[in-house]
Amino acid sequence: FLEHGIVSGMSTIIGKPETPFGVLGVHTQHHRVFSSDDVLFLTSAANVLAEVIDLHKAEEGIARVALEWQTTFDAANSVIWILNAENRIVRTNRAVETYFGRAPESCLGLYCWEIAHEIGGVCPDCPAERARHSLCREMLELQRHDRWIEVTVDPILDEEGQYGSAVHTIRDITDQKVAAAERERLQEQLR
């Protein structure tokens with residue numbers, strides 16, 4: 001400091017003493033006795049810096065967890081939708097591109113039946129509507145074009161134990177259906 005002509009100064013830790021982010025200091029080339037207000041101001045500035053750093057680290061952590069979650073969500077082979085209380089899609093994974101030829105963003109805000117059943121209203125025996133009332137997992141197997149799908153809806157209850165939203169999963173079970181039909185055909189031949 002002497003090579004810069006510094007003759008007075010004060011500094012404080014940024015953050016907690018056990019895990020400091022650094023040191024904040026002020027220096028002068030003139031002799032000065034810093035007042036308690038000066039010390040309080042510098043400490044306050046260091047505390048604000050520490051809060052900003054903590055907030056930034058927390059935001060980075062949240063962004064990292066969100067990316068990990070979305071990556072996991074997109075890795076599933078089944079279509080997974082998060083439905084709101086009205087059974088509109090608020091999140092979807094990338095499998096919707098394979099199953100329905102739709103970009104995930106194009107599904108947001110739509111009712112599940114508009115995509116899964118290609119109809120303009122609630123389908124008969126709708127598992128999402130049944131889950132809304134039963135508050136339990138509901139399932140439905142149906143044929144869609146040349147494929148068989150299994151629809152599973154798991155309700156997510158709110159703080160009062162009422163239907164708040166749901167996880168809606170669509171899984172292609174065509175291979176299992178074909179295998180079961182073939183097994184049944186072979187058993188018939190043996191009789």
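This report describes the strands, helices, nonpolar core and selected residues of a predicted model.

## Basis of the model

The model is predicted, and local features require pLDDT of at least 70, side-chain atom pairs count only at pLDDT 80 or more, and totals for chains, interfaces and linings use all residues. Residues are numbered from 1 along each chain as its sequence is written, and side-chain values rest on heavy atoms, with hydrogens and water left out.

## The five-stranded sheet

Five strands form an open sheet in the order E4-E3-E7-E6-E5, with antiparallel pairing. Strand E4 (89-92) and strand E5 (138-144) each have a single partner strand and stand at the edges, so one side of each is left without a neighbour in the sheet. From one strand to the next, the twist averages 25°. Helices (H or I, at least four residues) and strands (E, at least two) are DSSP runs, numbered from the N terminus; two strands pair if DSSP finds at least two bridges between them.

Strand E3 (residues 79-83) pairs with E4 in the antiparallel sense over three bridges. Isoleucine 82 has arginine 91, in E4, as its bridge partner.

Strands E1 (8-16) and E2 (19-28) pair in the antiparallel sense over nine bridges. A hairpin of two residues joins E1 to E2, and glycine 15 stands opposite proline 20 in E2.

Helix H1 (residues 36-75) lies across E3 and E4 and runs at about 85° to E4; axes are lines fitted to C-alpha atoms, for helices over the stretch in contact, and angles run from 0 to 180 degrees between N-to-C directions. H1 has 40 residues and reaches 58 Å from its first C-alpha to its last, close to the 58 Å expected at 1.5 Å a residue, where the expected span is 1.5 Å times one less than the number of residues. Its buried residues (under 20% relative accessible area; exposed is over 50%, partly exposed in between; 1.4 Å probe, protein chains only) are Leu42, Ala46, Ala50, Gly61 and Phe73. These buried residues of H1 pack against E1, E2, E3 and E4, contact meaning heavy atoms within 4.5 Å.

## The nonpolar core

The largest nonpolar core has 24 residues, and Val79, Trp81, Leu83, Phe100 and Ile170 are those with the most contacts inside it. Such a core is a set of buried Ala, Val, Leu, Ile, Met, Phe, Trp, Tyr and Cys residues joined through side-chain atoms within 4.5 Å. At least two residues of this core come from each of E3, helix H2 (95-100), helix H4 (112-116), H5, E5, E6 and E7. H4 supplies the largest share, four residues.

Not counting residues up to four places away in sequence, tryptophan 81 touches a set of residues including Ile89, Val96, Phe100, Ile115, Val167 and Ile170.

## Selected residues

Serine 165 lies in strand E7 (residues 163-172) and counts as buried, at 17% relative accessibility. Leaving aside residues up to four places away in sequence, serine 165 touches Leu83, Asn84, Ala85, Pro155 and Ile156.

Most residues other than glycine have a negative phi. Leucine 135, in the loop between helix H5 (127-134) and E5, has a positive phi near 60° and is partly exposed at 29% relative accessibility. Histidine 145, in the loop between E5 and strand E6 (147-157), has a positive phi near 55°; at 56% relative accessibility, histidine 145 counts as exposed.
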